[in-house]
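Subject: Structure handover

Hello,

Here is the structure I promised to pass on. My notes follow below it.

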Amino acid sequence: MKTSKQLYNIVVAALFAAMIFVLTFFVKVPTGIGYIHLGDLAIYLAASMLPTPYAIGAAAIGGGLSDFVGGYGIYVPVTMVIKALLALCFSCKKDTIINVRNMIAVLICCGITVGGYFAFEIFYYGAGAFGSLLPNLLQAAGSGVLYIIIGYAFDKARIKNKLMAYNR
């Protein structure tokens with residue numbers, strides 16, 4: 001039975017990784033240094049529904065793959081670490097997606113995204129890294145707002161309970 005739950009979690013994590021990739025690679029707005037995307041929204045949802053190791057894998061693989069395929073190879077390791085850290089902020093242990101911890105996690109993720117990419121870019125671009133502060137903040141905040149809206153809708157429809165029922 002444990003193997004069936006593990007396989008189920010791997011399959012759901014792979015679906016989330018694909019969703020993260022699609023929302024990062026195809027739904028984007030170019031900026032001076034990179035682009036704004038909605039992939040973080042899917043990371044937040046995955047981390048609110050999946051056990052932590054699976055959410056971390058989905059976040060790192062989906063985000064890293066998007067950078068790799070998109071020609072931002074230098075960002076792949078940085079993105080994988082930052083996206084894994086985002087997944088660590090959320091909890092799947094509550095019955096609902098939207099709860100106090102996950103609301104606080106959205107705020108923490110803004111800091112991780114902005115600070116993490118800035119720390120890398122200051123070494124890579126120098127003063128040009130300041131140009132990415134606002135786009136990274138908009139990306140993290142926009143994904144957070146959409147996460148809250150979609151999370152509430154998912155909670156009303158009991159999506160988490162239906163999706164993860166097999167896993168309990």
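Accessible areas here come from the Shrake-Rupley method with a 1.4 Å probe; for residues, only the protein chains shown count as cover. On that basis the chain exposes about 8300 Å². Carbon and sulfur atoms supply 76% of that area.

Two notes on the source. This is a predicted model, where local features need pLDDT of at least 70, side-chain atom pairs count only at pLDDT 80 or more, and totals for chains, interfaces and linings use all residues. Residues are numbered from 1 along each chain as its sequence is written, and side-chain values use heavy atoms, with hydrogens and water left out.

Overall fold. The chain has seven helices and two strands. These are DSSP runs, numbered from the N terminus: H or I of at least four residues for helices, E of at least two for strands. The order from the N terminus is α-β-β-α-α-α-α-α-α. The radius of gyration is 16 Å, close to the 15 Å of the globule rule for 168 residues, so the chain is as compact as a globular protein of that length. That radius is taken over C-alpha atoms, and the rule is 2.2 Å times the number of residues to the power 0.38. The C-alpha trace spans about 50 × 30 × 25 Å along its principal axes.

Burial. Of the 168 residues, 44% are buried (under 20% relative accessible area; exposed is over 50%, partly exposed in between; 1.4 Å probe, protein chains only).

Cores. A nonpolar core is a set of buried Ala, Val, Leu, Ile, Met, Phe, Trp, Tyr and Cys residues joined through side-chain atoms within 4.5 Å. The largest has 31 residues. Phe16, Ile43, Tyr44, Leu45, Leu50, Phe90 and Tyr147 touch the most other members. Helices H1 (2-25), H2 (39-49), H3, H4 (76-88), H5 (100-125) and H6 (133-157) each give two or more residues to this core. H2 gives the most, with eight. A second, separate core has five residues, among them Tyr75, Val78, Tyr117 and Phe120.

Two residues to look at. Beyond its neighbours within four places in sequence, Tyr44 is in contact (heavy atoms within 4.5 Å) with Leu86, Phe90, Cys109, Ala140, Ser143, Gly144 and Tyr147. Ser66 sits in helix H3 (residues 52-69). Ser66 is buried, at a relative accessible area of 0%. Not counting residues up to four places away in sequence, Ser66 touches Phe21, Thr24, Phe25 and Tyr35.

Best wishes
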